[in-house]
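Dear colleague,

I am passing on the structure we spoke about, so that you can look through it before the notes. Please open it alongside this message.

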Amino acid sequence: MAPYVPFHQGEVAIQRKARTVGMALENGAVIATNVPLHKKHDIESAQTVIVSSVDPVHGHVWVSPAMRFSGKILSMDPELGQALHIDAPAVFHPTDIFFENTKGSAAAAVSPVGVLAIDFANRARYRTNGIVVGSSEAGERIDIHVKEAFPNCPKYITRRKLPDNMADVTPFNVAAVPIVAHSGLSPEARALVERADTLFLGTFFEPTGADANVRGGNPGFIRVFDDQNGTRIEFDDYRGNGMFQSLGNLDVNPRAGITVIDFQHGSVVQITGDAFVVWDDQDLTRRKVALHVSQVRFTRHAFNYHWDLCEYSPYNPQIAPAHEIGRKENSETTLTLMRIKEESPNVKSFRFVSDRTLHFLPGQYATFVLPIPDREGNDDTCVRSWTISETIGSLLGDTFLEISVKRNPDGHASKWLHDEAKLGQQVTLLAVDGHMTPIMMSEDHIPSCSAANVLLFSAGIGITPSMAILRGLRGFNLNDTKVKLVHTERTEHEIPFAGELVRRNRVDPETDVHFFLSRRTQEEFASSLVSQASAHAGYATKDDLSRLLADVNLAEETVAFVCGPAGFMDSTTRILQELGVEHVVSESFAF
Ligand SMILES: Cc1cc2nc3c(=O)[nH]c(=O)nc-3n(C[C@H](O)[C@H](O)[C@H](O)COP(=O)(O)OP(=O)(O)OC[C@H]3O[C@@H](n4cnc5c(N)ncnc54)[C@H](O)[C@@H]3O)c2cc1C
């Protein structure tokens, strides 16, 4: 059965061009046709909701902000999670064009809306799109039937919060009226846009509906140009989840809206026009959105709220003059620790952000200088290498890099990372290197795999190159490559990434995962998570591997990667060679 593809032709066209089809399919698993019940609290507690709506006469897309310190903006019916309600009069400015676009039964029957519930303080956002199925002439409660719902990553969201003294303030200023212009931005509105760190983008494609989303960057990331063709707004499209819901809509319908809020003073600039994706011909990983302005509504002091700015996203690329923006080769650079995630009781993943783009292949490792003295007390010499375990986006260049490190109780650096390194900690990246990869990249950015069958053998923390290769293959849509991943661990609790591996084994017909548990008997793990893949007691013998590999043509089109303790690598390599695998690549974690 062909997998469900939650994308329309515009989204797929952009994904193809940006080489993110595989990444999009991986990330698209979160797209649902209803809002899951566990999201009810997030949705109902959002202090800001952004709604895109479509002018039923001209098809213009507008983006409208709704705010409320306490009390719900959105509420959700628990049944099926498909009905959302907006308490519209209490949360939108009374002059907002949203009321025009959705008011009245004739329009209401077909009004599409995109709804973004955003929690700036926690950098969380949830997107839904649907249609307005009920609203009164007076535009009171608006009922929305949800067609698509999904969470989005927090990557470029500026953190800000409403101070407590806003609790008793009414959200909007009823005296404010919009100044409507058909000829571009006033100097005041233009200045507001040019110094903003956040914009909201609305797009629309009739068969699938409207979409509302947020884009963030350091101030200056939105550029405004005036020329003989009118006013144009531009912003770079930073690397995201590769799904391209907004840009995909633009590919098939250029109508779009951009709204920028002055969070400090409550003024709002709403812009509508036609937007296009402009690609960098030299580098398809880089593109920008250019919106040609047809109408602007500027409402000075529309909201009474004054938000506190906490922090720009550390993922934001630096704003540099156009001629300075470019790819640099890997060389010494500073990384900042952004996220720590537990993968098993003694393995944690550490995600770092770099202020410049890094390129690497899935399976390669990064070498760091840590800001701690070495065992002998010398500074600047505590150098360690760790495999880059999360590699989506790595071929095209990425600003983050993730490693997964096992805590060695007698170790120096791994213990420091696990026990002492805090978010915000800086380390130096010396280089990225390594040959543990079957993935190649052509000059025109087309990834390919060197073999039809990839065999991944690991023990203990040697699993990190296997994970990187598997994630890289699927992330780059190399879905026809057959993968067998065979991992040995002492007990099931110690297996890092167990949940992800079991899931991949279940949903991906070309991925076959086997666990060997050296300290378990078959009965002991019969009911455990790993038995949902294929779990075996003891170490893998030659007979075991011969059986597991019976359906693979080992002599041709097959490459095996082996990583783990020295004894494991020796015996596995020998067995594979005896079974006829000609191409075996191994990597030792001991220097
Ligand atoms: C290419 C490559 C990729 C790698 N990828 C990963 C990965 O993805 N994940 C991962 O967790 N690791 C990986 N490693 C291993 C990693 O580089 C570190 O070696 C590991 O994290 C342990 O570092 P440490 O500083 O904690 O241990 P160290 O301080 O280096 O100690 C290691 C061991 O040596 C002993 N030892 C060394 N010196 C002394 C001393 N003076 N006194 C007492 N005992 C000593 C300790 O008992 C300890 O058991 C990789 C290594 C390489 C080469």
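Below I go through the overall figures, then the strands and a helix, and then the salt bridges.

This is a predicted model, in which local features need pLDDT of at least 70 and side-chain atom pairs count only at pLDDT 80 or more, while totals for chains, interfaces and linings use all residues. Residues are numbered from 1 along each chain as its sequence is written, and side-chain values use heavy atoms, with hydrogens and water left out.

The protein contains 13 helices and 31 strands, these being DSSP runs numbered from the N terminus (H or I of at least four residues for helices, E of at least two for strands). Its radius of gyration, taken over C-alpha atoms, is 26 Å, close to the 25 Å that the globule rule (2.2 Å times the number of residues to the power 0.38) gives for 591 residues, so it is as compact as a globular protein of that length. The C-alpha trace spans about 80 × 55 × 45 Å along its principal axes. Of the 591 residues, 57% count as buried, where buried means under 20% relative accessible area, exposed over 50%, and partly exposed in between, with a 1.4 Å probe and protein chains only. Among contacts (heavy atoms within 4.5 Å) with a separation of 6 or more, 71% are between residues 24 or more positions apart.

Turning to the strands, six of them form a closed barrel in the order E18-E19-E22-E21-E20-E23, with antiparallel pairing; two strands count as paired if DSSP finds at least two bridges between them. The twist averages 45° from one strand to the next, with axes fitted as lines to C-alpha atoms (for helices over the stretch in contact) and angles running from 0 to 180 degrees between N-to-C directions. Helix H10 (residues 463-475) packs on the sheet and touches strands E21 (383-390) and E22 (398-406), its direction making about 35° with that of E21. Within H10 lies Thr 464, which is buried at 1% relative accessibility and which, leaving aside neighbours within four places in sequence, is in contact with Thr 387, Ser 389, Ser 404 and Phe 589.

Strand E12 (residues 222-227) runs antiparallel to E13 with six bridges, and the two form a hairpin with two residues between them. Strand E16 (residues 287-299) is also antiparallel to E13, through five bridges. Phe 235 in E13 is the bridge partner of Ile 222, and Phe 235 is also partnered by Val 289 in E16.

Finally, the structure holds 37 salt bridges, each defined as a side-chain nitrogen of Lys or Arg within 4 Å of a carboxyl oxygen of Asp or Glu. One of them joins Asp 87 and Arg 68 at 3.3 Å, N to O, and links distant parts of the chain, 19 residues apart; Asp 87 is partly exposed at 32% relative accessibility, whereas Arg 68 is buried at 17%. Another joins Arg 574 to Glu 578, with the closest N and O atoms 3.6 Å apart, and these residues, being four apart in helix H13 (residues 566-578), are separated by about one helical turn.
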